[in-house]
Amino acid sequence: MAIATSYNVDASKGAQTNLESLLKTVEPTETPLYSTLSQSAAPKATLNEWLVDSLADPASAASNIDGVDLDLSTAQNLIDSRARLGNRLATLRDYFSVSRQAEMVDVAPGGQGGLFNASKAKSLIQLKRSIEVAIASGNDQTVGSSSAGSTMCGLGVWSNPTAGDSGVTGGNTFDTSAKQAFRAVSGSRVSLGSLTESALRGLLQSVYTASGAKGSYKLYAGPAVMNAITDYTRAAVSNNPVYSFTQDLSGKTLVNSVLTYISDFGELQILPDLFLGRNDSGASGTDTALGTVNTDRAYLIPDDDTVSLKFLEGITVVDLPDNGAGKRSFTEAMCTLRVGNPRSLGSIV
């Protein structure tokens with residue numbers, strides 16, 4: 001006996017499909033650096049520069065002899081210790097287009113106002129991710145040309161105590177010995193493999209000793225760094241983790257996460273970030289390629305305006321002429337990163 005079933009009544013016989021009006025983005029979209037760094041005044045040139053200065057060692061209060069005339073031959077040029085740091089402006093852009101016919105077709109999900117508006121919303125998210133990668137990259141700054149745009153120096157270089165040394169990225173940013181005197185300090189960068197609690201305290205001590213900054217910090221951290229810091233709450237006994245902490249369990253919820261770390265040198269707010277330590281030129285050293293998550297990277301930044309974003313042009317949508325094929329646009333931002341005092345930075349690689 002012949003019978004119609006769900007197996008033989010297919011689309012050619014009129015069977016309908018069920019496509020929900022739902023679209024979920026499956027990639028990470030949170031950009032902690034872009035969202036939390038302060039923004040300072042817009043730059044007035046494609047190279048944004050600022051001055052840094054150091055202080056002489058304190059003199060002994062007993063060094064002046066009573067009754068002796070001043071010896072002006074020991075007078076110093078106190079301006080000579082200044083140096084001029086800077087960073088290039090980067091133009092980040094994301095293109096999209098939709099044909100006239102595609103814009104007329106009914107496409108799921110509903111409520112987006114057509115494919116062009118959906119593309120615009122997606123492009124803005126992609127641009128924001130690109131800004132995050134540029135801020136946290138291991139790129140050195142480069143001058144633009146007719147064949148390549150300029151690149152801004154990322155935190156991977158600004159936080160490197162050896163940036164600009166022979167064979168080390170950073171030679172365009174720290175291109176003189178005067179500038180190198182203001183790099184992040186020795187001890188402010190530790191490897192993830194040796195990130196014991198003692199090593200983290202040592203990192204904070206190095207930053208405090210060099211900059212005198214004792215207060216609040218943000219630690220933007222990859223997943224492996226987050227896990228390493230949470231592991232400070234446990235000790236392994238015969239390969240079994242033994243947890244050591246005190247908390248109220250009246251609500252029957254066990255919290256095993258470290259999001260704030262209070263040390264002798266300040267308080268750390270720990271923020272997960274999946275866009276740290278990537279490099280335009282591909283994997284190099286502890287940097288990963290643009291499309292690869294760097295789980296082992298973290299940047300320590302004072303919770304003030306030491307590090308700030310500067311936008312010549314904020315995030316903008318620019319519509320292009322429609323030459324007949326359909327709507328075309330791009331999203332764009334022109335920005336750079338100012339690191340007022342590299343000595344106050346720390347990093348984990």
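Predicted model: local features only at pLDDT ≥ 70, side-chain atom pairs only at ≥ 80, totals over all residues.
View 1. Residues are numbered from 1 along each chain as its sequence is written, and side-chain values use heavy atoms, with hydrogens and water left out. Helix α6 itself comprises the 15 residues 197–211 and reaches 21 Å from its first C-alpha to its last, close to the 21 Å expected at 1.5 Å a residue (the expected span is 1.5 Å times one less than the number of residues; helices are DSSP runs of H or I with at least four residues, strands runs of E with at least two, numbered from the N terminus).

**View 2. The buried face of α6.** Ala199, Leu200, Leu203, Leu204, Ser206 and Val207 of α6 are buried (under 20% relative accessible area with a 1.4 Å probe, protein chains only). Seen down the helix axis, the buried residues of α6 fall within an arc of 155°, so they line one face of the helix (the arc is that of the directions from the axis to the C-beta atoms). An α-helix has 3.6 residues a turn, so residues three or four places apart point the same way.

View 3. An open sheet with mixed pairing has the strand order β5-β16-β13-β6-β10-β9, two strands being paired if DSSP finds at least two bridges between them. The edge strands β5 and β9 each pair on one side only. Within the sheet, β13 and β16 pair in the antiparallel sense over three bridges, and Tyr299 stands opposite Ser347 in β16. Helix α6 packs on this sheet, touching β5, β6, β9, β10, β13 and β16, and its direction makes about 65° with that of β9 (axes are lines fitted to C-alpha atoms, for helices over the stretch in contact, and angles run from 0 to 180 degrees between N-to-C directions).

**View 4. Thr173 and its surroundings.** Thr173, in the loop between α4 (155–158) and α5 (177–180), is buried, with a relative accessible area of 2%. Its side chain makes a polar contact with the side chain of Gln141 at 3.0 Å (a pair of N or O atoms within 3.5 Å, one able to donate a hydrogen and the other to accept it).

Technical notes
Buried < 20%, exposed > 50% of the residue type's maximum accessible area, 1.4 Å probe, protein only. Contact = heavy atoms within 4.5 Å.
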